[in-house]
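Thanks for passing this one along. Here are my notes, point by point, to read with the structure open beside you.

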Amino acid sequence: MAVKMASDGMWQGENPLDFALPLLAVQIAVVLVVTQGLAFAFKPLRQPRGGILLGPSALGRWGPFRRTIFPEWSTPALDTVSGLGLLLFLFLVGLELDFRAVRRVGPRSVAIAAAGIVPPLLAAAGIVPLLDLAIPAPRQASYLSLCVFLGAALSVTALPVLACILKELGLLGVPFGETAMAAAAVNDVFAWTLLALALAVSGGGREPKGPPLAPVYILSSGAVFVAFTFFALRPLMARLARRTGPCSSDSNLTCSCAVACALLAGAVTDAIGVHPVFGAFVFGLAMPREEGFAERIGEKVAPLVSGLMLPLYFATSGLHTNVDNVQGVAAWGMVALVVAVAVVGKFAGTFAVAVAGTGMARREAAALGVAMSAKGLVELIVLNIGKEKKVLDDTTFAIFVIMALTTTVIATPLMTALYRHQSTATTPEVDGMELKGGDACPA
């Protein structure tokens, strides 16, 4: 049944919450009040926003609230709006990954990133059989694709969360901060590539509908898209950056063109068969850094994304998460195992290479290992893609969401305890590596 956009008003006997637009307006208002209120309340503790509380794990347990504010028929509209914000967020993440910082740090960043990726990736191969034992439910994804996907989920580092932690501790402009951000940048590029590979091989977890060589076509088309973006679109955007300059009156037009191209890039990668977020992310990576071009675009887009779009995405993630799906000793044992692997795997690999390979002090290496273990919003994005593509079932999704929240909550206190550094007004910042758009961490 089609849903009307707006009502004729309560005086005509109609409930506005039965219509799409007024309900969406109320939903957005509720989401902003809850998430920003919790962000303000948790700010002294440096903890992320609590959008998950709107779901069936907390407030959603109250039936009248769920049926009135978040009825099932309204889910597609809310998911679509939050998905748009997700595209813009990944575009911003791509914009902020300036690999000049990676070149400054040198091979150390690649070595540390690899050390934080390989142990969780190998551990994923052992976790999948244990998941089958703990959660005896039929899976649509193959063993290989699930291993690769869970490896990406366990090895990813939340670059925005890391940037916020380092900024609050005054570490962005010191060698430790440069090393952490550069390693996280390399880590995230590899993790997103791994996730794209997992989705291509799995066919999205569904029954294959195309030719047997469809995964090959998806991967080759994705490679062509990346090459076209970097070698054809990037020079055009660089020419536009030189023409507009830092003080041009056409900056709004340039920003609009960049956002439009990012959204189109998302549509292209969706057509290829990967996921729209990859297109936006790759286009952000390819944006030229000359004349402060990428930074100006980020400054214009970030407030909208941080202030409005990301809270919606937190809320929709919470609405799709039900901790009650994790039932029994075996399932909660898997929660403990996944959290341990996510933390210990990245910490141990990062710590060992940082100490033995780069000569970093043990205390700094321990702080770096904790920092690289933070998951946050980036992990939620990975998990939601897995659930959307039917690679993860509801219980596995809930287990990994608990892991993401746990690793994010413990990251800042442990970092503060391990590496105390007094920030000063003269502390420099690493160019192009700090996510802007508000004081609150995007989590």
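1. Overall make-up. The protein chain contains 16 helices and zero strands; helices (H or I, at least four residues) and strands (E, at least two) are DSSP runs, numbered from the N terminus. Please keep in mind that this is a predicted model, in which local features need pLDDT of at least 70, side-chain atom pairs count only at pLDDT 80 or more, and totals for chains, interfaces and linings use all residues. Residues are numbered from 1 along each chain as its sequence is written, and side-chain values use heavy atoms, with hydrogens and water left out.

2. Burial and surface. Of the 443 residues in the protein chain, 52% are buried. Buried means under 20% relative accessible area, exposed over 50%, and partly exposed in between (1.4 Å probe, protein chains only). The accessible surface comes to about 19,300 Å², and 67% of it belongs to carbon and sulfur atoms; these areas come from the Shrake-Rupley method with a 1.4 Å probe, and for residues only the protein chains shown count as cover.

3. Contacts along the chain. A contact means heavy atoms within 4.5 Å. Among contacts between residues at least 6 apart in sequence, 81% join residues at least 24 apart.

4. The cores. A nonpolar core is a set of buried Ala, Val, Leu, Ile, Met, Phe, Trp, Tyr and Cys residues joined through side-chain atoms within 4.5 Å. The largest one here has 119 residues, and W192, M287, F400 and M415 have the most contacts inside it. Helix α8 (residues 175-202) gives the most to this core, with 16 residues. A second, separate core has ten residues, including V31, L78, L312 and L319. As for F400, not counting residues up to four places away in sequence, its contacts are L131, L150, A153, L154, V338, E379 and L383.

5. Which residues does N187 meet, leaving aside neighbours within four places in sequence? N187 sits in α8 and is buried, with a relative accessible area of 0%. Its contacts are A113, G116, I117, S155, V156, T157, K346 and M372. T179 is also found in α8 and counts as buried at 2% relative accessibility. Not counting residues up to four places away, T179 touches V105, R108, I112, M360 and L368.

6. The α5/α6 pair. Helix α5 (residues 107-134) and helix α6 (residues 143-155) pack at an angle of about 130°, with their axes 8 Å apart. Axes are lines fitted to C-alpha atoms, for helices over the stretch in contact, and angles run from 0 to 180 degrees between N-to-C directions. The two helices are therefore oblique to each other: angles under 35 degrees count as roughly parallel, over 145 as roughly antiparallel, 65 to 115 as roughly perpendicular and the rest as oblique. Residues making the contact include G116, P120 and A124 of α5 and Y143, L146 and G151 of α6.

7. A closer look at C147. This residue belongs to α6 and, at 10% relative accessibility, C147 counts as buried. Leaving aside neighbours within four places in sequence, C147 is in contact with A124, A125 and V128. The C-alpha atoms of C147 and A125 are separated by 5.4 Å, although the two residues are 22 apart along the chain.

8. A covered helix. How many residues of α11 (residues 276-286) are buried? The count is eleven of eleven, among them P276, F281 and A286.
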